[in-house]
Amino acid sequence: MAAQAESGSIHIVSDLWPGATEENGEGLYWDLVKQAFATQDISVEISHAPYARSVEEVIHGKADAWLGSYPTEVEQAVYSYHHLDIDVILAVSRNDQQIQSQADLYGKNLAWLRSFRFDRYMNVPVETREVNSQEHALKMLLAGQALTAFLTPASLFEPELEISAFSQEQLTATPILRLKLLIGFRNTERGIELRNAFDQGFNLLLQQGQVQRLYDKHGWGRYRHQ
């Protein structure tokens, strides 16, 4: 689908996230987006693709927007003011590293899954590398292979991949960042208009208490404003 849809609709693409963006079009994020745009008489057409490809589809005009971007993640886009959620970013490390904050990661070797760029949101310089799986990163940590920590959103962290490591208290996970999940739009006149429409609609949902009701419906806890 081309992004040149009629003004009363928007095409949004997203990766698949359990409970948030399900393949059947259900999930918390889809509910929030659809209802926010509905207040502005805009219908939402959805499609799914891996995250990096979702971004590319928007940048190249094959979709209007993608979910859910960290702030200023891509220069060729504009971003919603309101966020759908907040990602807590964990630093998973060996216990002997004693990581308590970003300061403890100064100049250290860090890894994260491909397509993440946590270094741009950190206050200290770090050495970085990308890995293809969490399991690979945790094995590197346990083997002491010149890696201080693996950074990952808490929502994606699956310690059961290395149950034995955690049961033996070899690894620990420490929160070091909180990043808002926004909607990224094409940096065009249409993209800016759609961004403004979303923010106006989401603001109405907040005022009506509907955002928290949707969070409750999906068992997502409290909507965090900051």
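This is a predicted model: local features need pLDDT of at least 70, side-chain atom pairs count only at pLDDT 80 or more; totals for chains, interfaces and linings use all residues.
Figure 1. Residues are numbered from 1 along each chain as its sequence is written, and side-chain values use heavy atoms, with hydrogens and water left out. Buried residues make up 48% of the 226 residues; buried means under 20% relative accessible area, exposed means over 50%, and partly exposed is in between (1.4 Å probe, protein chains only). The secondary structure comes to 6 helices and 9 strands, where helices (H or I, at least four residues) and strands (E, at least two) are DSSP runs numbered from the N terminus.

Figure 2. Along the principal axes, the C-alpha atoms fill a box of roughly 55 × 35 × 30 Å. A compact globule with 226 residues would have a radius of gyration near 17 Å, and the 19 Å of this protein agrees with that. The radius is taken over C-alpha atoms, and the globule rule is 2.2 Å times the number of residues to the power 0.38. Of the contacts between residues at least 6 apart in sequence, 71% join residues at least 24 apart; a contact means heavy atoms within 4.5 Å. As for charge, the mean positions of the 19 positive and 29 negative charges are 3 Å apart. Lys and Arg count as positive and Asp and Glu as negative, while His and the chain ends are not counted. Each charge is placed at NZ of Lys, CZ of Arg, CG of Asp or CD of Glu.

**Figure 3. Helix α3 and its covered side.** Helix α3 spans residues 134-143, and its buried residues are Gln134, Ala137, Leu138, Met140 and Leu141. They cover an arc of only 155 degrees around the axis, which puts them on the same side of α3. That arc is the one made by the directions from the helix axis to the C-beta atoms. As a reminder, an α-helix has 3.6 residues a turn, so residues three or four places apart point the same way. The cover over the buried residues of α3 includes β5 (85-94), β6 (109-113), β7 (127-131), β8 (149-153) and β9 (171-186). After α3 comes Gly144, with a positive phi near 65 degrees.

**Figure 4. Helices α1 and α6.** Helix α1 (residues 28-38) is mostly covered, with 8 of its 11 residues buried. Those are Leu28, Tyr29, Trp30, Asp31, Leu32, Val33, Ala36 and Phe37. In helix α6 (residues 210-217), the buried residues include Gln210, Val211, Gln212, Leu214 and Tyr215. The buried residues of α6 pack against α1, β5 and α5. Gly219 follows α6 and has a positive phi, near 65 degrees.

**Figure 5. Two loop residues with positive phi.** Asp41 lies in the loop between α1 and β2 (43-48). Although Asp41 is not a glycine, its phi is positive, about 60 degrees. Asp41 counts as exposed, at 69% relative accessibility. Thr72 sits in the loop between β3 (65-69) and β4 (77-79). Thr72 isn't a glycine either, yet it has a positive phi of about 50 degrees. With a relative accessible area of 61%, Thr72 is exposed.

**Figure 6. Asp199 in helix α5.** Asp199 is part of helix α5 (residues 189-208). It counts as buried, at 12% relative accessibility. Setting aside neighbours within four places in sequence, Asp199 is in contact with Ser80, Tyr81 and His82. Asp199 and Gly144 are 55 residues apart along the chain, and their C-alpha atoms are separated by 46 Å.

Figure 7. Pro175 belongs to strand β9 and is exposed, with a relative accessible area of 52%. Not counting residues up to four places away in sequence, Pro175 touches Val88, Ile89 and Leu90. From Pro175 to Ala154 it is 21 residues in sequence and 8.3 Å in space, C-alpha to C-alpha. Gly107, in the loop between β5 and β6, is partly exposed at 43% relative accessible area. Beyond residues up to four places away in sequence, Gly107 touches Pro125, Val126 and Glu127.
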